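Here is my notebook page from today's look-up. Have the picture open while you read along.

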Amino acid sequence: MSKLAIIHPANPSKTARRAVAFLSEFLLDFTFEYPFCYSDFDTIPDGTLNIYLGTKENNRKVKELSEVILSKAEQYNICVKESYVIIEGFDDAGTLYGVMDFYNHYLIKQKYYGGFGFKPEAPLPEFSRVSAPDTAERGIWTWGHVIYDYKHFLDNMAKLKMNSIIIWNDFVPFNIQEILDYAH
């Protein structure tokens with residue numbers, strides 16, 4: 001079995017770091033192993049199946065390998081070739097949404113190896129998807145409901161590709177700055 005490697009931007013933003021974390025989580029669920037994580041400037045060992053993650057501006061490997069031109073905010077490109085994967089966003093939010101659709105449209109459709117996880121071997125089944133949201137603001141209005149675990153709540157919103165939340169309460173939550181920082 002090939003070891004999976006995520007090649008991410010050298011100086012990732014918070015959103016790009018979150019995309020790497022989600023992708024690692026999704027791959028762990030299918031392979032039962034944590035993938036290696038390298039920046040696009042690291043030397044990648046031979047024998048890994050590489051997933052290049054980021055934008056053309058922040059990941060030189062994505063720029064080198066991608067043939068698609070993205071032109072819209074939050075747009076993304078998923079390209080699975082025989083021996084590597086590109087998850088490219090127009091911006092970091094697009095990269096995050098590309099990770100979600102890599103999971104939803106590609107990874108969960110792969111067969112389990114003997115019932116015990118996905119066996120990532122080259123050649124991979126080829127796949128391609130370019131997409132962008134049709135609606136700019138996608139979110140939820142809480143209207144007085146308490147959010148007990150805001151990190152889990154916001155992570156689930158990201159998995160659903162939602163990008164806005166309105167917390168409507170009589171009083172501002174005491175930890176509103178923590179919520180805002182995590183949301184951004």
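I began with pairing: strand 1 and strand 2 (residues 36–39) run parallel and are joined by four bridges. Strands here are DSSP runs of E with at least two residues, helices are runs of H or I with at least four, and both are numbered from the N terminus. Two strands count as paired if DSSP finds at least two bridges between them. I then looked up His8 and found it opposite Ser39 in strand 2.

A note on the source: this is a predicted model, where local features need pLDDT of at least 70 and side-chain atom pairs count only at pLDDT 80 or more, while totals for chains, interfaces and linings use all residues. Residues are numbered from 1 along each chain as its sequence is written, and side-chain values use heavy atoms, with hydrogens and water left out.

Is strand 1 enclosed or open? Five of the six residues in strand 1 (residues 3–8) are buried, so the rest of the structure largely encloses it. Buried means under 20% relative accessible area, exposed over 50%, and partly exposed in between (1.4 Å probe, protein chains only).

Last, I turned to helix 1 (residues 14–31) and helix 4 (residues 150–159), whose axes come within 12 Å and cross at roughly 85 degrees. I noted that the axes are lines fitted to C-alpha atoms, for helices over the stretch in contact, with angles from 0 to 180 degrees between N-to-C directions.
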